[in-house]
Amino acid sequence: MTVRKYEEKDLTAMIQIWNEVVEDGIAFPQEELLTPESGKAFFAGQTLSCVAEEDGKIY
């Protein structure tokens, strides 16, 4: 498994993972799901956003 800085091609998987966590309602008080547009802005606005990747899949 490799941990690396995210690239724009990772955004769909990142948003899907984030939204699953939000929908579970346990880890964050956030209720609104990310859209492709808001997700791109959200992750770009962080000091550092990384992904864990193995065999082409983002975790």
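Asp 55 is placed in the loop between strands S2 and S3, the latter covering residues 57-58. In this predicted model, Asp 55 has a positive phi of about 50°, although Asp 55 is not a glycine. Asp 55 counts as exposed because its relative accessibility is 81%, and the cut-off for exposed is over 50%.

**Overall architecture**

The protein has two helices and three strands. Along the sequence, these elements follow the pattern β-α-α-β-β. The radius of gyration is 12 Å, close to the 10 Å that the globule rule gives for 59 residues, so the protein is as compact as a globular protein of that length. Taken along the principal axes, the box filled by the C-alpha atoms is roughly 30 × 20 × 20 Å.

Of the 59 residues, 27% are buried. The protein exposes about 4,400 Å², and carbon and sulfur atoms supply 53% of that area.

**Selected residues**

| Residue | Relative accessible area | Class |
|---|---|---|
| Ser 49 | 8% | buried |
| Arg 4 | 16% | buried |
| Val 21 | 28% | partly exposed |
| Lys 5 | 58% | exposed |
| Asp 55 | 81% | exposed |

**Strand S1: Arg 4 and Lys 5**

Arg 4 belongs to strand S1, which covers residues 2-5. Arg 4 is classed as buried because its relative accessible area is 16%, and buried means under 20%. The side chain of Arg 4 forms a polar contact of 2.9 Å with the side chain of Glu 53. Beyond its neighbours within four places in sequence, Arg 4 is in contact with Lys 9, Asp 10, Cys 50, Val 51, Glu 53 and Ile 58.

Lys 5 also lies in strand S1, but Lys 5 is exposed, with a relative accessible area of 58%. Apart from neighbours within four places in sequence, Lys 5 is in contact with Leu 48, Ser 49 and Cys 50. The C-alpha atoms of Lys 5 and Val 51 are separated by 6.3 Å, although these residues are 46 residues apart along the chain.

Ser 49 is found in the loop between helix H2 (36-44) and strand S2 (50-54). Ser 49 is buried, with a relative accessible area of 8%. At 3.2 Å, the side chain of Ser 49 reaches the backbone oxygen of Phe 43. When residues up to four places away in sequence are not counted, Ser 49 touches Lys 5, Tyr 6, Met 14 and Phe 43.

**Helix H1: Val 21**

Val 21 is located in helix H1, which covers residues 11-24. At 28% relative accessibility, Val 21 counts as partly exposed. With neighbours within four places in sequence left aside, Val 21 is in contact with Ile 26, Ala 27 and Phe 28. Val 21 and Gln 46 are 25 residues apart along the chain, and their C-alpha atoms are separated by 18 Å.

Methods:
Residues are numbered from 1 along each chain as its sequence is written. This is a predicted model: local features need pLDDT of at least 70, side-chain atom pairs count only at pLDDT 80 or more; totals for chains, interfaces and linings use all residues. Side-chain values use heavy atoms; hydrogens and water are left out. Helices (H or I, at least four residues) and strands (E, at least two) are DSSP runs, numbered from the N terminus. The radius of gyration is taken over C-alpha atoms; the globule rule is 2.2 Å times the number of residues to the power 0.38. Buried means under 20% relative accessible area, exposed over 50%, partly exposed in between (1.4 Å probe, protein chains only). Accessible areas come from the Shrake-Rupley method with a 1.4 Å probe; for residues, only the protein chains shown count as cover. A polar contact is a pair of N or O atoms within 3.5 Å; within protein, one must be able to donate a hydrogen and the other to accept it, and residues adjacent in sequence count only if both atoms are side-chain atoms. Contact means heavy atoms within 4.5 Å.
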